[in-house]
Amino acid sequence: MNAVTYNFAYLDEQTKRMIRRAILKAIAIPGYQVPFAAREMPMPYGWGTGGVQVTAAVIGPKDVLKVIDQGTDDTTNAVSIRAFFRKVAGVATTTHTAEATVIQTRHRIPEHPLKEGQILVYQVPIPEPLRFLEPRETETRVMHGLEDYGLMHVKLYEDIAHHGRIATAYAYPVKIAGRYVMDPSPIPKFDNPKMTMSPALQLFGAGREKRIYAVPPYTDVKSLDFEDHPFEVQTFSEPCALCGARNVYLDEVVLDDRGGRMFVCSDTDNCESRRDETGAQS
Amino acid sequence: MLHDNSFMQASLDGGFGQPVFEAQESFRRLLDAMARPGSIHQVTADVMAPGLAGPAQAALALTLCDADTPVWCAAASPAHSAWLAFHTGAPLTAAPEQAAFAFIGVGDAVPDDLSLGTQDYPDRSATLVIEVQSFGEGERFRLIGPGIDGAGDLAVDGLPKSFVAFRAANSALFPRGVDVVLTAGRDIVALPRSTTFVHWEG
């Protein structure tokens, strides 16, 4: 018996055209959220339906796909999305950042620097950076139209008033090319500096909220801050317990019920590559 | 029969041989072009449409146009309308302000009244596709903006006369504005509204 067959990359051609048009407008207006007619996908909202639709509209038979979930290639979300595209598009997949042409990500930017020609597709839960400050879509839309971002600065100021510093640690708001304030998706603010002037194209898909937005390559991405409270990223006192890397983002792993814990690379590909290299040297 | 055979044939020919893969391939060229304004990319598909200037314009129409996108064309004709209807389902409109995509050939004037989008929905604007003679020679321009590392250069032969003034007026409207794709045969160069495009004598 024949297996159920799908159109290449699962989506029908008219849906792909609609998404492709939205992506092109998103690139032309960096940081602006383009509404699109998101389809139901064979996975629940919150599992990256927006990112999957963007990837499906972009990917071709010659692409090599990498999927990461919080930096790792081998968690459920990453494994199932990779298997999905192997099945419906027959594309090659990899875990190595440097070998991938399309990288779909949930909440991290790989540590290995991205290069020209690569496309980074972010899964986005809440695309509107002003949503928790102003719940009405009609109002936030006008605020973006008028470039009225005072409320966001008030929010950051209140952080400083309450905590003595800007307490936002992830989904840290950024301003794109001096115009639109954008939610970089819930990446740790540690990753924000990787977004600016990146040689890679960055696309963002929010399936439930039906929005697509983009940061073209070589585009200024400014993390919002104040002169006397400049933007700064998390720092870690210890290196990765497995590969010894410094200046990378670390996950805390609880080892036992007596307070034992270790800090290891969030980016598993970067960690494994480093361990392979040191293994070869010794 | 309402139409003679050559008319029928012209509207049936010239589409993608493999619609799914050639549309994806053409889109990626356009995506690269739009992500890096001023860079020159080639469409590989062997496509041609009556009323459109070359393979690049035909490939763009096949890749992006459908029943949701009214098309305005400077060289509109019954054959062109029939080709679009058969291959894409897109309606041809006589009013530029209704068009999602506008196609003009070498020497045609830039149409007035193209949709600019609104301040709240700047994405609801037209994309203007202009055929030029060639890239690499002719007038020289300097490009600055998102997608360009520092500054870019572009030489174009055969731009519409009013194009530089049109671009300057368009830039002043940001985030509203028309996005432009220049085509020359198989070559495409994108100039999204975010790109500052000025004459360069250097």
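Me: Domain bounds come from an automatic or database domain assignment; what does the domain assignment of chain A give?

Reply: This is a predicted model, in which local features need pLDDT of at least 70 and side-chain atom pairs count only at pLDDT 80 or more, while totals for chains, interfaces and linings use all residues. Residues are numbered from 1 along each chain as its sequence is written, with chains lettered from A and ligands numbered from 1 in the order in which they are written. In chain A, domain 1 covers 13–223 and domain 2 covers 235–282, and their centres, taken over C-alpha atoms, are separated by 26 Å.

Me: How many residues of domain 1 of chain A are in contact with domain 2 of chain A?

Reply: Residues are in contact if their C-beta atoms, placed from the backbone, lie within 7 Å. In chain A, 14 residues of domain 1 are in contact with seven residues of domain 2. The side of domain 1 of chain A that touches domain 2 of chain A has three nonpolar (Ala, Val, Leu, Ile, Met, Phe, Trp, Tyr, Cys and Pro), four charged (Asp, Glu, Lys and Arg) and seven polar residues (the others, Gly among them).

Me: Which helix gives the most to the side of chain B that touches chain A?

Reply: Between the chains, 29 residues of chain B are in contact with 30 residues of chain A. Helix α2 of chain B, residues 19–35, gives the most to that side of chain B, with 12 residues; helices here are DSSP runs of H or I with at least four residues, and strands are runs of E with at least two, numbered from the N terminus. By class, this side of chain B has 15 nonpolar, four polar and 10 charged residues.

Me: How do the axes of α1(A) and α2(B) cross?

Reply: Two packed helices are described by the angle between their axes and the distance between the axes. The axes of α1(A), residues 13–28, and α2(B) come within 10 Å and cross at roughly 5°, the axes being lines fitted to C-alpha atoms over the stretch in contact, with angles from 0 to 180 degrees between N-to-C directions. The two helices are therefore roughly parallel to each other (under 35 degrees). Among the residues that meet are I23(A) and L24(A) in α1(A), and F27(B) and L30(B) in α2(B); the residues of this contact divide into 12 nonpolar, no polar and two charged.

Me: In what order do the three strands of the open sheet in chain B stand?

Reply: Strands of a sheet pair through backbone hydrogen bonds, either parallel or antiparallel. Here the order is β6-β5-β9 in chain B, with antiparallel pairing, where a pair needs at least two DSSP bridges. β6 (152–157) and β9 (196–199) of chain B stand at the edges with a single partner strand each, so one side of each is left without a neighbour in the sheet. Strand β5(B), residues 134–144, pairs with β6(B) over seven bridges, and R142(B) has D153(B) in β6(B) as its bridge partner.

Conventions. Domain bounds come from an automatic or database domain assignment. Two residues are in contact if their C-beta atoms, placed from the backbone, lie within 7 Å. Angles under 35 degrees count as roughly parallel, over 145 as roughly antiparallel, 65 to 115 as roughly perpendicular and the rest as oblique.
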